[in-house]
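Okay, everyone, thanks for coming. I'd like to walk through some ring pairs and helix contacts, so let me put the model up.

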Amino acid sequence: MINAKGTHTDRLRRGLSAPVTYGLIAVCCLVFVISPVSGLNPSYGTGDQLLTAQQTYFERWGVVPTELFSGVPRAALGPFTALFVHGSWVHLLGNLLFLYVFGAMVEERMGHLHYALFYVACGYLALLAYAAAHADSGQTLVGASGAISAVLGAFLYLFPKARVTSLFPFLFFLPLRFPAWVVLPFWVALQWLAAGQGGKGTGVAYLAHLVGFSLGFLYAWGWCVRKVKVKGAAVPATEGDSQP
């Protein structure tokens, strides 16, 4: 998916910024570049020394399910710090592409601070849910996939008719435009199928994707319903409406 357009795109193009979305992208890139995972920082050495530094880095800043539920206070920060840590260049660029395409419009609709809190909370809960489902695992979990999946879920509810340009390998990567209500459920179905197979050999936390997406969609739905109720209650009564 390489582009998304909706009713708010024109306002975004006229200069309405999305500082939280672009800030998150910048922070994730900066953290990755200075980390031992990027291979660009010579201070971490090479060969086995670099591999050891990478493993230590993941264990320190990622989520280790067995540690998370062991009662160690520091481990509780793992689902937060892990949102800014990525395991490879492909992992980083894939996540940030989705955030770039879908994040700005969701941020514009929610508001900057609201969107930031939504992103962090959903990302934290998605990683927490995955860790709870694999509580006996010592494998480290990193990445913003859960939070970005929540952004996709919110996008689907808020902009279901937005046109999304998609590339499908089985259609020879032809760029085709479909509404979000077609593309995103298809993406969810792929995640569901992969999660059902246990993600064998992939190292991808598909369950975190599904939890994040569900949280994002349900939150956007609840938020919009609440807004409608509040607006309805705030409408002043017309003459005669308050009479017995």
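**Rings and helices**

Let's start in helix H6, where Phe 98 and Phe 102 both sit, four residues apart, or about one turn of the helix. Before I go further, please keep in mind that this is a predicted model.

So how are the rings of Phe 98 and Phe 102 arranged? Their centres are 6.3 Å apart and the planes make an angle of 25°, so we call this pair stacked. Now, buried or exposed? Phe 102 is buried, at 0% relative accessibility. Phe 98, on the other hand, comes out as partly exposed, with a relative accessible area of 21%. The cut-off for buried is under 20%, so Phe 98 with its 21% falls in the partly exposed class.

Phe 98, Phe 102, Phe 155 and Phe 159 make up one aromatic cluster.

Stepping back, how many aromatic pairs does a search of the whole structure find? The count is 10. Another of them is Tyr 22 with Tyr 100, a tilted pair, 6.2 Å centre to centre with 45° between the planes. What I like here is the sequence separation: Tyr 22 is in helix H2, residues 19-34, and Tyr 100 is in helix H6, residues 89-110, so to speak 78 residues apart, and the pair links distant parts of the chain. Both tyrosines are partly exposed, Tyr 22 at 39% and Tyr 100 at 49% relative accessibility.

In general, two packed helices are described by the angle between their axes and the distance between the axes. For H2 and H6, the angle is about 170° and the axes are 8 Å apart. Angles over 145 degrees count as roughly antiparallel, and that is therefore how H2 and H6 run relative to each other. Their crossing is right-handed.

Who meets whom there? On the H2 side we have residues including Tyr 22, Leu 24, Ile 25, Cys 28, Cys 29 and Phe 32, and on the H6 side, among them, Leu 92, Leu 96, Leu 99, Tyr 100 and Glu 107. By class, this contact has 15 nonpolar residues, two polar and one charged.

Next, H8 and H9. Helix H8 covers residues 145-158 and helix H9 covers 180-196; their axes come within 10 Å and cross at roughly 150°. Left-handed or right-handed? The crossing of H8 and H9 is left-handed. From H8, Ser 149, Leu 152, Phe 155 and Leu 156 meet Ala 180, Trp 181, Leu 184, Pro 185 and Trp 187 in H9. In class terms, that contact has eight nonpolar residues, one polar and no charged ones.

Ala 154 is buried, at 0% relative accessibility. Leaving aside neighbours within four places in sequence, Ala 154 is in contact with Val 106, Met 110, Phe 118, Gly 216, Phe 217 and Ala 220.

Last stop: Ser 137, in the loop between helix H7 and H8. Which residues does Ser 137 contact, leaving aside neighbours within four places in sequence? They are Val 64, Pro 65 and Thr 66. From Ser 137 to Thr 66 is 71 residues in sequence, but 5.8 Å in space, C-alpha to C-alpha.

That's my tour; over to you.

Technical notes:
Residues numbered from 1 in each chain as written. Predicted model: local features only at pLDDT ≥ 70, side-chain atom pairs only at ≥ 80, totals over all residues. Heavy atoms only, no water. Phe/Tyr/Trp six-rings, centres within 6.5 Å; stacked < 30°, edge-to-face > 60°. Helix = DSSP H or I, 4+ residues; strand = E, 2+ residues; numbered from the N terminus. Buried < 20%, exposed > 50% of the residue type's maximum accessible area, 1.4 Å probe, protein only. Axes fitted to C-alpha atoms, helices over the stretch in contact; angles between N-to-C directions. Left-handed = near helix turned anticlockwise from the far one by under 90°. Contact = heavy atoms within 4.5 Å. Nonpolar A, V, L, I, M, F, W, Y, C, P; charged D, E, K, R; others polar. Parallel < 35°, antiparallel > 145°, perpendicular 65-115°, else oblique.
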